[in-house]
Amino acid sequence: MRKLICGVLSALCISTVFANNKGCYAGIKIDKSVADAVKWYRNSAEQRALYHQVFNTALNYVTLNKDDKKPWGVVLDIDETTLDNSWYYKQCGETTSSENEFSRYVVLPEKSTALPGVKNFTCAIKKMGGYVTMLSNRDGSYAYDGKNVLTSTVNNLKAQGVCFDQVVLADRADAKNPSDKNPRFEAVQNGTCNTKLMVCSNVLPAHKVVAYFGDNIQDFPKLFQAKMISKSKDDEAYSTFANGFFILTNPMYGSWQDNKFM
Ligand SMILES: [Mg+2]
């Protein structure tokens, strides 16, 4: 998810999540390289077109591939797939450097907006009889000042008019590998919620997931950044995209930041 740059100072980062008068994390290090990426994300017609292109393509795909004889649904990532957090990145000049900073300053204010095409897509899925799951690495164990990440996430999605049936988040207080979404993908398909590994708003019946959406390669079952980038550009592993996996562009942050720059 967000790039963790605290490293050995992680304990310090967690304990010093103070706000400055702009509503940003006080220990912020302005990252100038983020500015152009945030501008493209917020103010380019290409970004809007791309989101519509992906959701329109996906709606056609799901219409052709769903099987109404059995329960089915779709799974969407939240940050930079469903909700646009770039308001914070513009305001503060960085994309947050720890999960606690992200939870407190980006999630709890509930100020994020629905991305282009996502309302139409998710509500169309529901009208067609499918389930919509919001599955994110947001930290469902985080609470601050009477607010918590799960409630703020549900509130923000509802206020933005996104149609969904359940929210499944990471549990960073208990899970050993909370950034690995695979146990949550399995829980959605099996109609379960292991509360030691994840935080769920509610549990849906078991169902087949017809399409997955994300802005990070690790938003898709069994795909990992290091493994995928080591493959050739035209490797078969990429053929799942537009065929059940639908990826959106996020030039602001992601697991790609740890790859070698060549
Ligand atoms: Mg995301």
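This is a predicted model: local features need pLDDT of at least 70, side-chain atom pairs count only at pLDDT 80 or more; totals for chains, interfaces and linings use all residues.
## Strand pairing in the sheet

Two strands count as paired here if DSSP finds at least two bridges between them. On one side, 3 bridges join E9 to strand E10 (residues 245-247), and the two run parallel.

E9 is mostly covered, with 5 of its 7 residues buried.

## The whole sheet and a helix on it

Stepping back, E9 belongs to an open sheet of 6 strands in the order E8-E7-E4-E1-E9-E10, with mixed pairing. Its edges are strand E8 (198-200) and E10, each of which pairs on one side only. On average, neighbouring strands in this sheet are turned by 20° against each other, direction ignored.

Helix H7 (residues 149-159) packs on the sheet, where it touches strand E4 (131-139), strand E7 (166-170) and E8. The direction of H7 makes about 140° with that of E7.

## The nonpolar core

In soluble globular proteins, nonpolar side chains tend to be buried together. In this model, the largest nonpolar core has 59 residues, and the members touching the most others are Val74, Val168, Leu169 and Ala211.

Val74 is a handy place to start exploring. Setting aside neighbours within four places in sequence, Val74 is in contact with Val62, Ile125, Gly130, Val132, Val209, Val210 and Ala211.

## Helices H3 and H6

Two packed helices are described by the angle between their axes and the distance between the axes. For helix H3 (residues 45-65) and helix H6 (residues 118-127), the axes come within 10 Å and cross at roughly 10°. Angles under 35 degrees count as roughly parallel, so H3 is roughly parallel to H6.

## An enclosed helix

Helix H5 (residues 99-107) has 9 of its 9 residues buried, so H5 is largely enclosed by the rest of the structure. The buried residues of H5 include Glu99, Glu101 and Arg104, along with Phe102, Tyr105, Val106 and Val107.

Key: Residues are numbered from 1 along each chain as its sequence is written. A nonpolar core is a set of buried Ala, Val, Leu, Ile, Met, Phe, Trp, Tyr and Cys residues joined through C-beta atoms within 7 Å. A residue is buried if 20 or more other C-beta atoms lie within 10 Å of its own, exposed if 12 or fewer, and partly exposed in between; C-beta atoms are placed from the backbone. Two residues are in contact if their C-beta atoms, placed from the backbone, lie within 7 Å. Axes are lines fitted to C-alpha atoms, for helices over the stretch in contact, and angles run from 0 to 180 degrees between N-to-C directions. Helices (H or I, at least four residues) and strands (E, at least two) are DSSP runs, numbered from the N terminus. Angles under 35 degrees count as roughly parallel, over 145 as roughly antiparallel, 65 to 115 as roughly perpendicular and the rest as oblique.
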